[in-house]
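Biologist: Can you walk me through this one? I'd like to go part by part.

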Amino acid sequence: MTNANKRLYEEKLLSADKAAEVVKSGDKIFYSEFAMFPHALDEALAKRIDQLYDLELYSVSFTNVPKVVEADPKQEHIIMHDWHFGGLSRKLSDQGLCYYVPLCYSHGSRSVHKYVENDVAMICVAPMDNKGFFNLGTSNSFTAANLHKASTIIVEVNSSVPQCLGGNSENIHISNVDYIVEGNNNPLIQLPIIESDPVNCKIAEHIMPEIEDGCCLQLGIGGIPNVVGTKIAESDLKDLGIHTEMLVDSFVDMYETGRITGARKNIDRYKMVYTFAMGTDKLYNFLDNNPVCASYPCHYTNDPKMIALNDKVISINGAVEVDLFSQVSSESSGIRQISGTGGQLDFTMGAFGSHGGKGMICLPSAYIGKDGKLHSRIVPALSRGSIVTTPRSVVQYIVTENGIALLKGKSTWKRAEALIEIAHPQFQDELIKEAQEMRIWVRSNRIE
Ligand SMILES: CC(=O)SCCNC(=O)CCNC(=O)[C@H](O)C(C)(C)COP(=O)(O)OP(=O)(O)OC[C@H]1O[C@@H](n2cnc3c(N)ncnc32)[C@H](O)[C@@H]1OP(=O)(O)O
Ligand SMILES: CCCC(=O)O
């Protein structure tokens with residue numbers, strides 16, 4: 001470390017409580033995203049929340065309930081916003097304590113540059129390196145854009161954060177930081193291992209034949225993409241490439257079993273490209289100083305034009321409900337916000353543009369509701385208030401445990417037929433009747 005950087009570090013270092021004093025009423029505050037939750041700064045700000053009014057808090061997929069929100073259950077001081085709901089924001093939103101910011105993930109950085117003001121950015125980083133850089137760890141995403149717009153930047157140093165190499169925009173230099181706080185070195189969130197259930201396994205079995213040597217993979221969030229990752233690790237596929245949004249533990253398995261080389265990628269050859277990572281220590285240890293992995297901001301990873309530059313892109317994402325018009329809702333159940341558009345639309349479009357690419361959206365054909373009854377996830381029309389995540393003009397493949405339906409290039413009645421074929425058998429007759437009433441059924445289409 002140079003003497004100049006050492007001096008700067010000492011000058012900018014202060015306690016979390018002192019750093020929290022920079023926040024004033026009316027401020028918009030940005031917390032670093034996903035697993036990079038700034039624990040010490042959040043706790044310090046919570047201690048003085050009663051003195052502050054009209055604060056707005058933003059992040060992407062909170063992994064901890066912010067103490068500032070816990071300390072203000074009546075929302076008299078701060079309103080929490082999330083650009084992408086995980087389980088935690090979903091629950092807070094159910095209690096009226098968190099609001100969603102609609103986002104197509106590839107637009108993240110530009111949305112912030114064009115339309116968002118930040119007063120104070122509080123971000124968790126790895127310890128400073130010998131050139132004066134703090135690594136943003138597992139969340140590149142659109143943190144750089146948020147830092148660019150922030151009037152004050154406070155970094156919370158956490159020695160548990162891996163040095164995640166770029167790509168680009170993976171660091172901030174000490175000269176651009178206003179204050180440094182040494183936190184409690186909280187361990188990073190450990191995502192529970194998702195047990196594979198028989199339905200997800202069946203869905204993965206329909207997907208596996210679509211993946212061939214040299215494909216470039218994006219696996220989304222949730223149970224099904226996870227099972228696919230495990231099946232790929234156990235397969236004898238060769239030279240797979242990775243250009244994804246989220247890196248999870250199953251990518252480590254696929255790499256360590258020799259499935260991934262990236263040798264056939266057209267861009268970022270040999271690199272596993274991602275914008276954020278969340279999993280267990282297995283993943284965080286793998287990432288630390290690993291030149292095989294390259295983190296980029298989401299406007300790069302998720303730009304459909306960039307995605308399409310690789311050949312044979314296979315994109316696998318989950319959904320909540322699909323209607324007979326082939327509209328996909330992956331982010332809400334009626335008016336209940338569950339998740340977000342995230343990168344689903346980006347990768348579906350990117351995979352479509354890629355030579356030999358396939359965009360797949362997967363869901364179990366039915367679920368057991370709170371009433372204890374079986375309900376179809378393939379429905380005549382989306383439930384009232386359900387949000388369309390992938391419109392029918394864009395959707396390509398829908399996969400359930402009953403098969404795989406190619407919709408692109410098909411008319412409305414052919415789509416209805418293809419979807420009913422992969423619906424749960426218990427609901428197929430009823431869906432045919434609905435399709436007839438909706439005038440998207442012709443006499444000649446028969447299900448064997
Ligand atoms: C990170 C990436 O790379 S993702 C890239 C693309 N991004 C996306 O695809 C974003 C949209 N998609 C998603 O968020 C996910 O794929 C999901 C939500 C559709 C499925 O994810 P999973 O983790 O398998 O969902 P899971 O079964 O745990 O359900 C999540 C919640 O939705 C609820 N839910 C799911 N399906 C339904 C349904 N049909 N009706 C009502 N509620 C439902 C569940 O009850 C659960 O809520 P809870 O936590 O209160 O119990
Ligand atoms: C914020 C993006 C996460 C997702 O695409 O699901």
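Modeller: One definition to begin with: helices (H or I, at least four residues) and strands (E, at least two) are DSSP runs, numbered from the N terminus. This is a predicted model, where local features need pLDDT of at least 70 and side-chain atom pairs count only at pLDDT 80 or more, while totals for chains, interfaces and linings use all residues. Residues are numbered from 1 along each chain as its sequence is written, and chains are lettered from A and ligands numbered from 1 in the order in which they are written.

Biologist: What does UniProt place at residues 279-435?

Modeller: The unreviewed entry puts "domain: Acetyl-CoA hydrolase/transferase C-terminal" there. UniProt positions are in the numbering used here, feature names are shortened, and annotations may be inferred rather than shown by experiment. That span, 279-435, is 27% helix and 25% strand, with its end C-alpha atoms 42 Å apart.

Biologist: And which residues does the N-terminal annotation cover?

Modeller: Residues 9-187, under "domain: Acetyl-CoA hydrolase/transferase N-terminal", again from an unreviewed entry.

Biologist: How is the chain divided into domains?

Modeller: Into domain 1 (3-182) and domain 2 (198-437), with bounds from an automatic or database domain assignment. Their centres, taken over C-alpha atoms, are separated by 30 Å.

Biologist: How many residues are in contact across the two?

Modeller: 31 residues of domain 1 touch 30 residues of domain 2, where contact means C-beta atoms, placed from the backbone, within 7 Å. On the domain 1 side, α5 and α6 (108-115) each supply at least two residues. Ala, Val, Leu, Ile, Met, Phe, Trp, Tyr, Cys and Pro count as nonpolar, Asp, Glu, Lys and Arg as charged, and the others, Gly among them, as polar.

Biologist: Ligands next. Which residues are closest to ligand 1?

Modeller: Gly220, Gly222, Gly318, Ser339 and Gly342 are the closest of the 24 that surround ligand 1. A residue is near a molecule if its C-beta atom, placed from the backbone, lies within 6 Å of it. α5 (87-94) and β16 (313-318) each give at least two residues to that shell. The shell around ligand 1 splits into six nonpolar, 13 polar and five charged residues.

Biologist: Why does ligand 2 lie between the domains?

Modeller: Because domain 1 and domain 2 both give residues to the shell around ligand 2. Those residues are Val60, Ser61, His84, Tyr105, Ile221, Glu245, Gly340, Gly342 and Gly343. By class, three are nonpolar, five polar and one charged.

Biologist: Changing topic: at what angle do α9 and α10 cross?

Modeller: Roughly 10°, with the axes of α9 (residues 223-234) and α10 (residues 249-256) coming within 8 Å. Axes are lines fitted to C-alpha atoms, for helices over the stretch in contact, and angles run from 0 to 180 degrees between N-to-C directions. The contact involves Asn226, Gly229, Thr230, Ile232 and Ala233 of α9, and Ser250, Phe251, Asp253 and Met254 of α10.
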